[in-house]
Amino acid sequence: MKTKRLILRELNADDVQPIVALAGDWDVARMTSRIPYPYSEAQAQHWINSLEPDELVRVIEHKGKLIGMCGYTLLEDGTAEIGYWIGRPWWGQGFATEATDLMARHCLRTTRATKLTCCHFADNPRSARVIEKLGFKRTGACTAYCEARKHDVETVTYERRRSVIEKFWRRAA
């Protein structure tokens with residue numbers, strides 16, 4: 001999958017060290033639910049090896065460098081939960097929005113998901129902006145466990161329903 005600036009590609013063995021270097025940054029890890037801090041190569045390798053068939057995860061690559069990741073998990077209720085992270089050197093350049101938009105469109109074109117859901121920790125306004133730019137609507141709040149922080153964190157939840165055009169894309173795919 002490609003955009004003007006990015007390639008979203010499958011994970012490979014060479015990705016472990018760059019993932020650890022970027023996702024292991026406290027400022028990245030503390031804004032995700034699943035990344036521990038500190039983050040070891042063994043933990044990253046274990047995560048890669050334990051991805052489930054209902055999870056689609058892609059490396060976000062810019063000019064040949066891994067700069068983050070995005071993906072989605074298909075849930076039993078017919079929805080898909082989308083997530084992403086970008087390494088700190090690439091914050092503020094629109095890469096999260098660009099990559100996640102492509103991943104969301106891919107999900108809605110290739111799966112039977114009726115809607116996408118996502119969330120961000122309440123203390124992450126940058127992620128709130130990305131999610132809103134992608135057309136997600138706020139649905140509420142809850143708490144979610146953050147592996148890096150080792151406690152529950154206030155979380156804002158969102159959804160984006162499949163549009164009429166996206167329903168057509170799925171039938172045509």
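This is a predicted model: local features need pLDDT of at least 70, side-chain atom pairs count only at pLDDT 80 or more; totals for chains, interfaces and linings use all residues.

Residues are numbered from 1 along each chain as its sequence is written, and side-chain values use heavy atoms, with hydrogens and water left out.

Q: Why is Ser127 called buried?
A: Buried means under 20% relative accessible area, exposed means over 50%, and partly exposed lies in between (1.4 Å probe, protein chains only). Ser127 has 9% relative accessibility, so Ser127 counts as buried. Ser127 lies in helix α5, residues 125-133. Helices (H or I, at least four residues) and strands (E, at least two) are DSSP runs, numbered from the N terminus.

Q: What makes the pair Ser127 and Tyr84 a polar contact?
A: A polar contact is a pair of N or O atoms within 3.5 Å; within protein, one must be able to donate a hydrogen and the other to accept it, and residues adjacent in sequence count only if both atoms are side-chain atoms. The side chains of Ser127 and Tyr84 are joined by such a contact at 2.4 Å. Contact in the plain sense means heavy atoms within 4.5 Å. Not counting residues up to four places away in sequence, Ser127 touches Tyr84 and His120.

Q: Why is Arg34 called exposed?
A: The relative accessibility of Arg34 is 51%, so Arg34 counts as exposed. Arg34 is found in the loop between α2 (26-29) and α3 (41-49). With neighbours within four places in sequence left aside, Arg34 is in contact with Trp47, Glu55 and Glu147. Between the side chains of Arg34 and Glu55 there is a polar contact of 3.2 Å.

Q: Why is Glu41 called partly exposed?
A: Glu41 has a relative accessible area of 40%, and therefore is partly exposed. Glu41 has its place in helix α3. Leaving aside neighbours within four places in sequence, Glu41 is in contact with Val16, Gln17 and Val20. With Gln17 there is also a polar contact, side chain to side chain, at 3.3 Å.

Q: Why is Arg160 called buried?
A: Arg160 has a relative accessible area of 11%, so Arg160 is buried. Arg160 lies in strand β7. A polar atom of the Arg160 side chain lies 3.1 Å from the backbone oxygen of Leu134.

Q: How do you know that β5 and β7 pair?
A: Two strands pair if DSSP finds at least two bridges between them. Strand β5 (residues 115-121) is joined to strand β7 (residues 151-161) by 7 bridges, and the two run antiparallel. Lys115 has Arg161 as its bridge partner in β7. Strand β6 (residues 137-146) also pairs with β7 in the antiparallel sense, over 9 bridges. There Lys137 stands opposite Glu159.

Q: What makes β2 a mostly covered strand?
A: In strand β2 (residues 55-62), 8 of its 8 residues are buried. In a regular strand the side chains alternate between the two faces of the sheet. On one side of β2 are Glu55, Val57, Val59 and Glu61, on the other Leu56, Arg58, Ile60 and His62, and all are buried.

Q: How do you know that β2 pairs with β1 and β3?
A: Strand β1 (residues 6-9) is joined to β2 by 4 bridges, and they run antiparallel. Strand β3 (residues 65-74) pairs with β2 over 8 bridges, in the antiparallel sense. His62 stands opposite Lys65 in β3. The hairpin of β2 and β3 has 2 residues between the strands, and Lys63 in the turn has a positive phi of about 50°.

Q: What makes a residue part of the lining of the largest pocket?
A: On a 1 Å grid over the protein atoms alone, a pocket is an open set of points where a 1.4 Å probe fits, with protein on both sides within 12 Å along at least five of seven lines, and lining residues have an atom within 4 Å of a point. The largest pocket is lined by 49 residues, and Met31, Thr32, Gly83, Tyr84 and Trp85 lie nearest its centre. Strand β4 (residues 79-86) gives the most to this lining, with 6 residues.
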